[in-house]
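Me: Hi! Could you walk me through a few residues in this one?

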Amino acid sequence: MKNSKIMMLAAVAVTGFLAGCSSIDKPVGAETYRPANFDASFAQGEASYTTSVFSILERHRRAETYKKIFEFCNGKFQTLGESDDGETMHIRFACLPKETVQTQSSYSTQQKSPSLY
């Protein structure tokens, strides 16, 4: 009985420790003031998570932050840069358009040149 209470308390403490450690800090403004034709596909922002001396905990927080950015962008995003202030890791990001069709230019394809030898 005593061991189960200790395990329960430890589980609650770990859950509390993991929760709330990542956030979207600087989205493009409150939804109330965004224009009606706002397209989140091109939004930029900054997300952050609390660093840790335990690498497994830091990886978890980073993954959670990426998940929050993905949800904010309604899909794919690109990181623009990262900074670490010793306590918090900040990730600048830009949301990518939902439907991007990548076409390959004829200039970018490598042409086979005839062999001179």
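**Residue notes**

Reply: Happy to! Ala94 is buried, with a relative accessible area of 11% (buried means under 20%, exposed over 50%, partly exposed in between, with a 1.4 Å probe and protein chains only). This is a predicted model, where local features need pLDDT of at least 70 and side-chain atom pairs count only at pLDDT 80 or more, while totals for chains, interfaces and linings use all residues. Residues are numbered from 1 along each chain as its sequence is written, and side-chain values use heavy atoms, with hydrogens and water left out.

Me: What separates the C-alpha atoms of Ala94 and Lys76?

Reply: A distance of 9.0 Å, with the two residues 18 apart along the chain.

Me: New topic: what is the phi of Asn74?

Reply: Asn74 has a positive phi, about 55°, although it is not a glycine. Asn74 sits in the loop between α2 (55–73) and β3 (77–84).

Me: Is Asn74 buried or exposed?

Reply: Asn74 is exposed, at 51% relative accessible area.

Me: Last one: what about Ile56, buried or exposed?

Reply: Ile56, found in helix α2, counts as exposed because its relative accessibility is 60%.

Definitions and conventions. Helix = DSSP H or I, 4+ residues; strand = E, 2+ residues; numbered from the N terminus.
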